[in-house]
Amino acid sequence: MELEEEILLRFPPHEPGLLVRASLVCKRWRRLVSAPAFRRRLRDLHRAPPMLGFLCNIAEDPEGGGMAAFVSTGAFRPPGAGLGHRLPIDARHGRVLLHYYCPESSKGVLVVWAPATGDELELPLPDPHQCAYNWTAAVLCPSRAPCGHLDCHRGGPFLVVFVGSGARKAFICTYLSDAGTWTNPIDTETEESQEISLIGVPSAVYMYRPVVLDSGLALATVHESKLCIWRKAAGSEQDAGWTQSRAIELETLLPSDAFLTSRPDVVGFAAGLDVIFLRARLMLFTIDLKTCEVKKVCEGKNIYSAIPYVSFYTPGTVVLCLNCGFTVHE
């Protein structure tokens with residue numbers, strides 16, 4: 001039994017289909033790979049969780065409106081992956097945050113979804129969102145103790161952070177699932193121990209995607225034919241604190257037709273894996289910043305945002321096949 005477990009633990013975590021097939025061999029192997037102890041050992045051995053897929057926002061037409069889909073990068077097929085008009089905003093620690101606007105009631109809601117289990121929970125938007133010109137939100141594990149995020153998405157508590165801006169100020173409010181309600185907003189004019197810090201961006205950068213590299217803030221943008229990475233100096237909040245640290249020539253990495261109509265755009269980033277999502281025409285590529293390896297992950301739709309789903313997965317939950325309506329390259 002111990003030898004069998006050691007072998008199964010060494011299956012590549014980014015190919016969960018191998019463990020799924022192994023679990024079908026016999027009941028003993030299925031009990032083994034679905035046990036919490038196996039998941040903990042899998043995390044301890046491989047440390048960094050793999051990217052099992054990504055959620056993409058797809059522009060249907062230039063006049064507005066859009067669709068969303070979960071695109072698997074391997075064998076993982078989550079239940080309830082047909083997202084429709086529920087647009088993904090964020091994904092981390094095994095959960096996904098979606099936004100849905102209901103035309104009948106003229107109200108929007110947030111949905112916290114765990115792809116590994118199919119569990120969902122709807123949240124009302126906080127009251128201050130009505131006066132926000134722009135807003136975004138994130139979902140994460142609220143634990144202050146060390147957490148490997150293996151099972152906290154399986155019925156555990158979660159935290160949603162809502163950030164909005166409007167009327168010359170920004171504000172933040174949070175939703176803790178244990179409390180079941182939103183906190184009062186904290187804005188840039190509130191004098192409390194909890195404060196908001198505003199960080200300027202370099203004037204030379206027009207369109208960019210915030211990324212995290214080596215636990216530090218960075219920006220990714222495309223200038224002419226180069227993917228440029230700007231790094232933030234620690235402790236500096238001024239424009240002078242930014243420096244361009246890398247410039248990767250894309251013409252040598254992407255196919256020639258990627259530059260036919262417009263320049264490529266950075267549409268997503270996988271934190272911890274240092275992987276950039278780059279849209280070029282109706283193609284979506286990933287670029288590994290450590291190796292400069294490029295992969296075409298899908299094509300056929302105008303994807304304007306890609307949010308990676310990064311997590312360990314072991315058998316134990318029934319998963320379904322997904323037809324995204326466009327070509328997926330595995």
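Figure 1. Of the contacts (heavy atoms within 4.5 Å) in the protein between residues at least 6 apart in sequence, 51% join residues at least 24 apart. The model is predicted, with local features needing pLDDT of at least 70 and side-chain atom pairs counting only at pLDDT 80 or more, while totals for chains, interfaces and linings use all residues. Residues are numbered from 1 along each chain as its sequence is written, and side-chain values use heavy atoms, with hydrogens and water left out. The secondary structure comes to four helices and 21 strands, where helices (H or I, at least four residues) and strands (E, at least two) are DSSP runs numbered from the N terminus. Buried residues, meaning those under 20% relative accessible area with a 1.4 Å probe and protein chains only, make up 42% of the 330 residues.

Figure 2. The unreviewed UniProt entry places the feature "domain: F-box" at residues 5-39; UniProt positions are given in the numbering used here, feature names are shortened, and annotations may be inferred rather than shown by experiment. Over residues 5-39 the chain is 69% helix and 0% strand, with the end C-alpha atoms 11 Å apart.

**Figure 3. An open sheet of three strands.** The strands follow the order β2-β1-β20 with antiparallel pairing, two strands being counted as paired if DSSP finds at least two bridges between them. At the edges are β2 (66-72) and β20 (302-310), each of which pairs on one side only. On average, neighbouring strands of this sheet are turned by 20° against each other, direction ignored, the axes being lines fitted to C-alpha atoms and angles running from 0 to 180 degrees between N-to-C directions. Strand β1 (residues 51-59) pairs with β20 over eight bridges in the antiparallel sense, and F54 stands opposite P308 in β20.

Figure 4. R86 lies in the loop between β2 and β3 (87-92) and is counted as buried because its relative accessible area is 17%. The side chain of R86 makes a polar contact with the side chain of E120 at 3.0 Å; such a contact is a pair of N or O atoms within 3.5 Å, of which, within protein, one must be able to donate a hydrogen and the other to accept it, and residues adjacent in sequence count only if both atoms are side-chain atoms. V111, in strand β5 (residues 107-114), has a relative accessible area of 2% and is therefore buried. Not counting residues up to four places away in sequence, V111 touches R86, V96, L97, L98, E120, L121 and E122.

**Figure 5. Two nonpolar cores.** A nonpolar core is a set of buried Ala, Val, Leu, Ile, Met, Phe, Trp, Tyr and Cys residues joined through side-chain atoms within 4.5 Å. In the largest, which has 20 residues, L227, I276 and L289 touch the most other members. At least two residues of this core are supplied by each of β12 (209-213), β13 (216-223), β14 (226-232), β16, β17 (275-280) and β18 (283-288). Apart from it lies another core, of 16 residues, including F54, I58, L284 and I303.

**Figure 6. L254 in its loop.** L254 is placed in the loop between β15 (242-249) and β16 (265-270), and is classed as buried because its relative accessible area is 6%. Leaving aside neighbours within four places in sequence, L254 is in contact with F259, P264, L278, F285 and V294.

Methods: Buried means under 20% relative accessible area, exposed over 50%, partly exposed in between (1.4 Å probe, protein chains only).
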